[in-house]
Structures are given as C-alpha cells and as structure tokens.
Amino acid sequence: MISKISALPALLLSIAISFGACGHDKTATLTAAQSTAPTTQADTTLPTLSLPADSGPPPAFDSGRAMQYVKEIVAYGPRPLGSANHKKVEDYILAHVKGDEVESDIFTADTPAGKFPVHNIIAKFPGAKDGIIVIASHYDTNYPLRATAYVGANDGGSSSALLLEIANQLRGQKRDGYSVWLVWDDAEEAMKPESELAFAEDSLYGIGHLAQKWQADGTIKNIKSFLLADMIGDADLNIDRDLNSTPWLEEVVYQAATRLGYQSHFFERENQVTDDHIPFLQKGVPCADLIDFDYGYNNVFWHTPQDTVDKLSSKSLEITGSTILETVRILDKMDALPPK
Ligand SMILES: [Zn+2]
C-alpha cells in the first residue's frame, strides 16, 4: 500500500483514510479536508489566472440521453480487453461518432495476461483557435473480473456515455475556441489482480500508447489541457481534488462548477490518483482528473458486480458534463493558458 502524504497547505488539518490492502488501482490515500472551502493549494505556485467575465447561458447537456447511453453500454455486459462485448462497445461508440472526424489508434498491447488488441477512439471537433483540449474516458472493464457479472456502470460506463453526450453538444457547432478532441481510451484497467502486480505497472496501456504517438508526431505540443472523467456517475457525487492534477486547471474546473452552482460536489476531499491523465502529465500537458473515488461507503461498489446503473443518477452526469463544458468555455476565453 502506498501511504503518501501530499503537499497539503500547512494549516490544513487532514484525516488520511487508507483503503484496504486488497487490489485497488487509481489511488491509495484519501484525504478528507476539514476546511469546507476548497483550498487553493500551493498558492505560491499557482499562476495568476485571468478568467473571463462570467457571461453566457449554462452549457446544454442532455443528462437523460447520457444516462440512456450508460444503460446501453452496460447492456452489452462485461467488456474486458479481447472480448466480443468489447468489440460491440467499440462499434457502439464508433456508430455514435459516424460522420465526425475520427482517428483510431489501434495496436497490440503485450500485457502480463498476453497480447491483446487495443483501440483508442478519438473524435475531433475543430475550433478556430490554435490548440487542442482533450476530454478523455476509458471504456474497457477490469480484465481479472471478466468471469463475473461486473459491468462497470460507473467505472468506464458513466464517463464514456458522458463523452458521447458531449459529442452531441459539440457536433455541428462552430467553435471559436480551441479544438476539442474526445478520447475513448482503451485498456486502462489492470490485466492482473493487484495482489499479483501493481496497478502502476499493469494499466494505462491505451492512453500511454496515445500519449507516445502524439509526442512522436508533435501533436502533444498543441494540447493545452487534458480533462479526464472517471467514475462520475455516482448518485452521491463528490469529485475529489486530485493532487496529481495541475493546480491551475483544477482551479478553472472549480470556477466552472461554481458558476453553475455545482461547487458543493467538488473538492471536499483531496486524493492522489493514478489514472489516465498520468502519461500526459508526464509529458508536460496540464491535466485535471475528475473522479469520485468514494463510490458507496468506503468505495465498496468499486470493482464489484454491484457497480450497476441503479447506483448512478442522471443529475451527476449533468453536473460533470456541464462543468466540463463550462471549463472548456472558460479555457476558450482565457487570454493565454499557463503551461504545466
Ligand atoms: Zn476500474
């Protein structure tokens, strides 16, 4: 188990809650801040942000349609790497972005469980401004749980559905701001139980490949921000402040949530998350991971067959989807985005 105390503000009292020693990806230490006001952590390093005036209507987001997508993805059953269900969900996503500009990043991953086809799907919505904002979600389900009824309604299902609805909102709109690229990435999940192999050494196969590809072809220099959604459908939504994420971008997310009146769902807890943003963070891209890693009391539903649609709410999809779109709107209007 990792027991990592992060660089918290000196005066912030915190309670470290450790998860059990059984397999868990994504994080190890959860910190419940006792301050109700989210902290601007590392004030000394946070660049001055010049946020545009608060104007414009809240972004449109059809949460009922997004929830319907969750149900349709889950209805295919478990979708581990290499399975027929996985292929069906690939085709399902591709059918929804048919007619959009789509890039496929297909390769064979050599994993501890063997070689598997991996398929990252990218839908691109061009903007007038030079630069790209990436919004990502993984869509595979955990491989070691493949023989169970585990369908990952929240873990992989909710965020992938969210991106499908974001695509609906971007499609056909003339964008004055940055290009927005939606990434449904594959093979995020571990191939072996964590009791056998650490998550950090056995995960993020798809997004790691994409980050390398975009570094090699120069694309990555043009990515202004990387927003990740993961486990955001929980009816009891409390998105963590991820201490691996880029502080200024987390602050923009919080401002976006505040404008929409959703700030009480953000950043009550602090956490340090290993997730799909890490390969991009390591390559210097500003990243924010929007994740609620407390799914049921003590995260009891995570990676169990109880991760089902009845634990989710369309309101949570609306909160996350609208906040992401509002974040994009703010980023579009900011004069210059700080580097990482
Ligand atoms: Zn997972």
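Which residues are buried in H2? They are His86, Val89, Glu90, Ile93 and His96, where buried means 20 or more other C-beta atoms within 10 Å of a residue's own, exposed means 12 or fewer, partly exposed is in between, and C-beta atoms are placed from the backbone. Seen down the axis of H2, these buried residues fall within an arc of 130°, so they line one face of the helix; the arc is taken over the directions from the helix axis to the C-beta atoms.

A word on the model: it's a predicted one, where local features need pLDDT of at least 70, side-chain atom pairs count only at pLDDT 80 or more, and totals for chains, interfaces and linings use all residues. Residues are numbered from 1 along each chain as its sequence is written.

Back on the buried residues, the cover includes helix H1 (63-75), strand E4 (114-125), helix H3 (153-170) and strand E6 (175-185). Helices (H or I, at least four residues) and strands (E, at least two) are DSSP runs, numbered from the N terminus.

Most residues other than glycine have a negative phi. Met231, though, has a phi near 60°, a positive value, and sits in the loop between strand E7 (223-230) and strand E8 (239-242). Met231 counts as buried because it has 31 C-beta neighbours inside 10 Å. Asn299 has a positive phi too, near 65°, in the loop between strand E10 (287-291) and helix H7 (314-333). With 20 other C-beta atoms within 10 Å, Asn299 is buried.

Note on methods:
Two residues are in contact if their C-beta atoms, placed from the backbone, lie within 7 Å.
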